[in-house]
Number of protein chains: 2
Amino acid sequence: MKPLGPIPAGFSAIDGELAIGGHKASALVAEAGDTPLFVYSRAMIHARMAQLRAAMPERIKIHYAMKANPFGDLLEHMAELVDGLDIASGGEFAQAREAGFLPREISFAGPGKRDEELHLAIRAGVTINLESANEARRALEAAQALGVAPRLAIRVNPDFELRGSGMKMGGGAKPFGVDQAQVATLAKDIIAAGAEWRGLHIYTGSQALDADAIIEVQGNVLDLAAQLSVEVGSALPHLNMGGGFGIPYFDKDRPLDIVSIGSALDERFGNLPDVLQATDFAIELGRYLVGEAGVYLTRIVDRKVSHGATYLVTDGGLHHQLAASGNFGTVVRRNYPVAIATRFDAPAEEEVNITGCLCTPLDRLADQPLLPRADVGDIVAIFCAGAYGASASPSAFLGQGPALEMLV
Amino acid sequence: MKPLGPIPAGFSAIDGELAIGGHKASALVAEAGDTPLFVYSRAMIHARMAQLRAAMPERIKIHYAMKANPFGDLLEHMAELVDGLDIASGGEFAQAREAGFLPREISFAGPGKRDEELHLAIRAGVTINLESANEARRALEAAQALGVAPRLAIRVNPDFELRGSGMKMGGGAKPFGVDQAQVATLAKDIIAAGAEWRGLHIYTGSQALDADAIIEVQGNVLDLAAQLSVEVGSALPHLNMGGGFGIPYFDKDRPLDIVSIGSALDERFGNLPDVLQATDFAIELGRYLVGEAGVYLTRIVDRKVSHGATYLVTDGGLHHQLAASGNFGTVVRRNYPVAIATRFDAPAEEEVNITGCLCTPLDRLADQPLLPRADVGDIVAIFCAGAYGASASPSAFLGQGPALEMLV
């Protein structure tokens with residue numbers, strides 16, 4: 001028997017079935033027309049935003065990192081809830097515009113921006129988080145050709161990192177951002193070239209569950225931002241402090257204590273140095289806002305026993321849930337939170353293996369959990385599917401195609 | 001410095017540039033219109049098939065496992081070269097028909113076939129490789145509803161496996177196929193139910209480079225097929241012996257010795273038991289046929305130095321080359337064969353890191369290889385990109401979209 005990750009708070013049963021946003025899983029599948037299906041809960045995203053607003057200082061803006069989930073209906077919903085949007089490509093810019101975000105609310109980070117993406121974004125008035133001196137030169141050239149003052153910020157590669165984060169994005173040599181020692185010179189150069197100086201972007205890591213680590217790194221980010229602004233010789237207009245807020249995926253993971261983070265930040269905001277007195281502060285969250293609000297529903301198409309082990313084979317798989325299968329950024333595979341949606345409150349009574357429909361041993365959705373007895377036709381729920389699911393998986397693999405998606 | 005995998009034989013330089021199918025990389029990019037671009041060489045696939053035909057006994061049929069690469073033009077080319085096609089979904093069936101394969105040439109394996117996929121395939125006359133007793137029942141029901149005799153084979157989960165294979169598909173409890181001890185009973189049942197008995201499918205693993213291991217497992221497959229046929233009590237019409245033929249991806253990998261495999265198989269074919277005398281034999285290859293014939297071309301959009309390390313940031317990445325980034329089925333990341341296509345015969349002189357354009361530290365294409373000096377605008381080639389590249393990567397990630405593909 002192997003443990004499952006913890007099912008996020010906020011899910012309940014109706015008539016014995018998992019309910020999402022007040023609708024039974026089977027009813028949602030019927031409405032969508034088929035499985036596999038991603039369901040995202042508007043109410044859960046709303047509740048998460050409310051908790052966050054309550055915990056964080058009023059002064060801090062909350063940006064959505066749309067790479068976590070760019071589904072159109074969800075993005076439209078986010079446009080009503082957040083203060084800004086972080087994009088990572090021209091493709092995301094187009095999706096963001098369609099969802100109703102204004103260019104002035106958008107900032108664009110990413111180490112490999114193409115010239116045409118820079119042109120498009122600068123023309124629209126998007127803030128560019130510059131990743132290198134070379135990119136700064138290309139952005140200024142694009143702006144000159146367009147006859148506009150580009151809105152430019154610098155993404156900093158800090159000398160420190162976010163302890164315990166799932167993905168470290170700072171500390172030492174990195175393809176992201178400008179090494180902190182080079183930032184002030186570059187900032188002065190782009191200000192002198194006539195750019196609208198939009199400040200700094202300091203992203204140190206993602207998926208951390210330790211509040212103390214986030215408090216420490218946010219302190220370091222504020223110190224570095226102040227130091228760099230003194231070097232630049234001007235007050236800092238804007239500081240994107242990055243994200244890093246994680247969600248529990250695996251057994252023994254505990255939810256992040258955002259109240260501690262908020263109160264530490266509040267204290268820091270009470271003691272800001274001069275160069276940061278008038279700064280607009282933002283944090284940039286993706287997974288934390290939408291990850292737990294999503295559920296992937298997939299139907300059991302076969303139940304079989306091989307050498308004494310029971311397999312529930314579903315019509316879904318790693319082509320929609322690459323991370324849950326253990327094949328994306330993880331060394332040791334562990335189980336996400338998983339349940340039999342159609343027998344949500346039944347007692348766990350048998351050890352099974354849940355696999356996808358792909359012809360590869362990589363396609364595992366749950367290894368040896370103890371679950372209620374399930375049969376062909378039952379629906380399996382994979383939780384924590386709201387971020388880095390549908391868009392971060394190889395949906396064309398083995399001719400399967402994308403899953404359905406709906407916001408309820 | 002870290003080593004690169006070996007560049008497959010057959011590539012040369014024209015005017016100092018990598019040439020594919022007699023065309024310079026830059027000319028191919030110009031023709032396609034952009035990077036990133038997958039280029040597949042018709043001539044190299046043709047040559048690979050010719051080597052294989054020469055090495056293998058005439059009696060053995062060669063099937064293409066289209067999951068390796070379903071690109072339309074390539075699939076049409078394969079239709080002219082191979083004796084059969086293995087599909088894994090209804091989506092692949094549609095692509096196969098469009099490419100000109102006839103249903104009678106097609107067999108369909110996969111542990112999670114839906115009822116509608118079974119209906120579609122059985123109506124067309126495709127051979128179904130049954131993965132379980134439950135699936136057999138569903139296939140027979142579908143055939144009855146359609147009023148046809150279904151063409152049914154059984155996929156066997158053998159008690160042995162392919163030693164040293166990248167992916168083990170046999171030995172012990174597995175979601176694939178029917179445990180060998182249950183095969184004879186199921187075969188007799190489906191024959192009694194009026195199905196056209198199409199024999200056995202025994203797939204034991206993939207990506208093996210050790211000829212002795214493949215020779216051993218093919219011997220075991222023939223022995224098991226004979227034993228099961230005796231148990232069934234009838235001569236075996238068809239045996240899909242699986243694949244497993246690997247290609248070198250990494251430093252120190254050596255090409256598979258197919259001549260040894262062919263001569264061992266020839267010897268076995270000279271001593272077949274009665275139940276296999278009239279059997280049609282096939283091997284099922286994907287990666288081995290097309291993997292080395294593909295190159296992924298991506299342009300350098302930034303060159304930067306961080307803490308003394310040089311980064312070449314490209315417009316491609318793991319959204320097209322998940323396996324090359326080290327994030328698909330590998331525990332330790334190693335470098336694929338990589339070159340600067342536009343400086344193909346220049347001396348290697350600097351250690352660099354080649355990354356994709358995605359905003360994640362997972363997006364690495366080559367760690368610390370020694371390569372010719374390259375700048376923004378140069379084209380990077382990732383070799384061994386003909387299989388499990390475009391279709392096995394999350395192309396929608398970060399709004400990037402799919403790469404271009406062309407067959408030359």
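Let's start at A:Asn134, which sits in helix α6 of chain A, a helix that covers residues 133–146. Is this residue buried or exposed? A:Asn134 counts as buried, because its relative accessibility is 14% and the cut-off for buried is under 20%. Now look at what surrounds it in this predicted model. Leaving aside neighbours within four places in sequence, A:Asn134 is in contact with B:Val301, B:Asp302 and B:Val376. Those partners carry the letter B, so follow them across to the other chain.

How do the two chains relate to each other? Two copies of a chain are related by a rotation about an axis and a shift along it.

Two packed helices are described by the angle between their axes and the distance between the axes. Helix α2 (residues 42–55) and helix α9 (residues 258–269) of chain A pack at about 35 degrees, and their axes lie 8 Å apart. On the α2(A) side, the residues that meet the partner are A:Gln51, A:Leu52 and A:Ala55. Facing them from α9(A) are A:Ile258, A:Val259, A:Gly262 and A:Ser263. Sorted by type, this contact has four nonpolar residues, three polar ones and no charged ones.

A disulfide is a covalent bond between the sulfur atoms of two cysteines. How many disulfides does the structure hold? Over all chains, there are zero. Take B:Cys359 as an example: the closest cysteine sulfur belongs to B:Cys357, but at 9.6 Å it is too far for a bond. B:Cys359 is also buried, with a relative accessible area of 10%. B:Cys384 is another buried cysteine, and its relative accessible area is 2%.

Finally, how confident is the predictor? Chain A averages a pLDDT of 96, and 99% of the residues score at least 70. For the complex, the predictor gives an ipTM of 0.96 and a pTM of 0.97.

Methods: Residues numbered from 1 in each chain as written. Chains lettered and ligands numbered in written order. Predicted model: local features only at pLDDT ≥ 70, side-chain atom pairs only at ≥ 80, totals over all residues. Heavy atoms only, no water. Axes fitted to C-alpha atoms, helices over the stretch in contact; angles between N-to-C directions. Helix = DSSP H or I, 4+ residues; strand = E, 2+ residues; numbered from the N terminus. Contact = heavy atoms within 4.5 Å. Nonpolar A, V, L, I, M, F, W, Y, C, P; charged D, E, K, R; others polar. pLDDT = per-residue confidence, 0-100. Disulfide = S-S within 2.5 Å. Buried < 20%, exposed > 50% of the residue type's maximum accessible area, 1.4 Å probe, protein only.
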